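The following note sets out points for a colleague examining the model shown below. Please read the points alongside the coordinates.

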Amino acid sequence: MAEDNSYESMLCVKPEVHVYKIPPRASNRGYRAADWKLDEPSWSGRMKITAKGKIAYIKLEDKNTGELFAQAPVEQYPGCVVESVSDSSRYFVIRIEDGNGRHAFIGLGFADRGDSFDFNVALQDHFKWVKQEGEIAKQEASDIVAPKLDLSFKEGQTIKISIGNIKKREAGGAKPRGMAGVLLPPPPGVKAGGVIPPPVEQPPVLAVQTDTASLLDFGSPGPAAPPSADVWGDFTSAGANSSQDGVKAGGWVQFS
């Protein structure tokens, strides 16, 4: 992606900031805003943050005429061009340049904490974008250098796929689904597709004591059966005690 260095974008504008003359740093602890004369700023005006390509510019201008007071090109953040003080979030130390190779450090302060927060976020977002653009450019460069893998089929080239453990189905056949769909042959004596009739109950056979010899002897009449061998003897004996006088000449029992 080609960079357009002629286009300058606006990142942040704050209508009122203060510039302070700061003493030299006494140690490596960092700058402290308490060492500055905060009630006597050296200059007050408007601040703009612009970006041209990868570089951000902090511009201090007169809020009435727009005349440039100082400018600080920022190529990296956090870095040596913009430093936070150790005792406040509203004050920073920036390195300004005059365009002739000379630079100086001044104190920059905001009256409101929200303005200092916006100043910080504007610089962070810009250099986050710069980092992403660099990663994209590296990826595009690596894609150009590395040969692309050609996975397309050449002319006349074929491919064969072997899939195992699959049985061929018969034409028009259905897949069996267990014992639920299996038809058993009908029992003997029943036509195919018919309904099996229920079993016929056999009438009970009365156990009658007979003389086997007399049944087999068809030639001569056998002796008469004694009275106790009568098959209806149980019925007559059941009412013998109470209804002997009710027996008629015909041999029937009259029930009262």
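Where is I159 found?

1. I159 lies in the loop between α1 and α2 (212-216). Its relative accessibility is 60%, and because exposed means over 50%, I159 counts as exposed. Together with F153, I161 and I163, I159 makes a nonpolar surface patch of about 500 Å².

2. This is a predicted model, and its confidence should be kept in view. The average pLDDT of the protein is 75, with 59% of the residues scoring at least 70.

3. The largest nonpolar core holds 25 residues, of which M47, I58, L60, V82 and F119 touch the most other members. Two or more residues each are given to this core by β1 (9-20), β2 (43-52), β3 (55-61), β4 (68-74), β6 (91-97), β7 (103-110) and α1 (113-145). The largest share, four residues, comes from α1. In soluble globular proteins, nonpolar side chains tend to be buried together.

4. Leaving aside residues up to four places away in sequence, L60 touches V17, V19, W43, R46, M47, E67, L68, F69, A70, I106 and L108. A second, separate core has eight residues, among them I22, Y31, V85 and Y91.

5. Two segments call for caution. Over residues 212-216, pLDDT stays under 50, and the model has one contact beyond four places in sequence for them. Over residues 246-253, pLDDT likewise stays under 50, with four such contacts in the model. Where pLDDT is low, the predicted coordinates should not be read in detail.

Conventions: Residues are numbered from 1 along each chain as its sequence is written. This is a predicted model: local features need pLDDT of at least 70, side-chain atom pairs count only at pLDDT 80 or more; totals for chains, interfaces and linings use all residues. Side-chain values use heavy atoms; hydrogens and water are left out. A nonpolar core is a set of buried Ala, Val, Leu, Ile, Met, Phe, Trp, Tyr and Cys residues joined through side-chain atoms within 4.5 Å. Buried means under 20% relative accessible area, exposed over 50%, partly exposed in between (1.4 Å probe, protein chains only). Contact means heavy atoms within 4.5 Å. Patches are made of residues with over 30% relative accessible area and no salt bridge: like charges are joined within 9 Å, nonpolar side chains (Val, Leu, Ile, Met, Phe, Trp, Tyr) within 5 Å. Accessible areas come from the Shrake-Rupley method with a 1.4 Å probe; for residues, only the protein chains shown count as cover. A salt bridge is a side-chain nitrogen of Lys or Arg within 4 Å of a carboxyl oxygen of Asp or Glu. pLDDT is the predictor's confidence in each residue, from 0 to 100.
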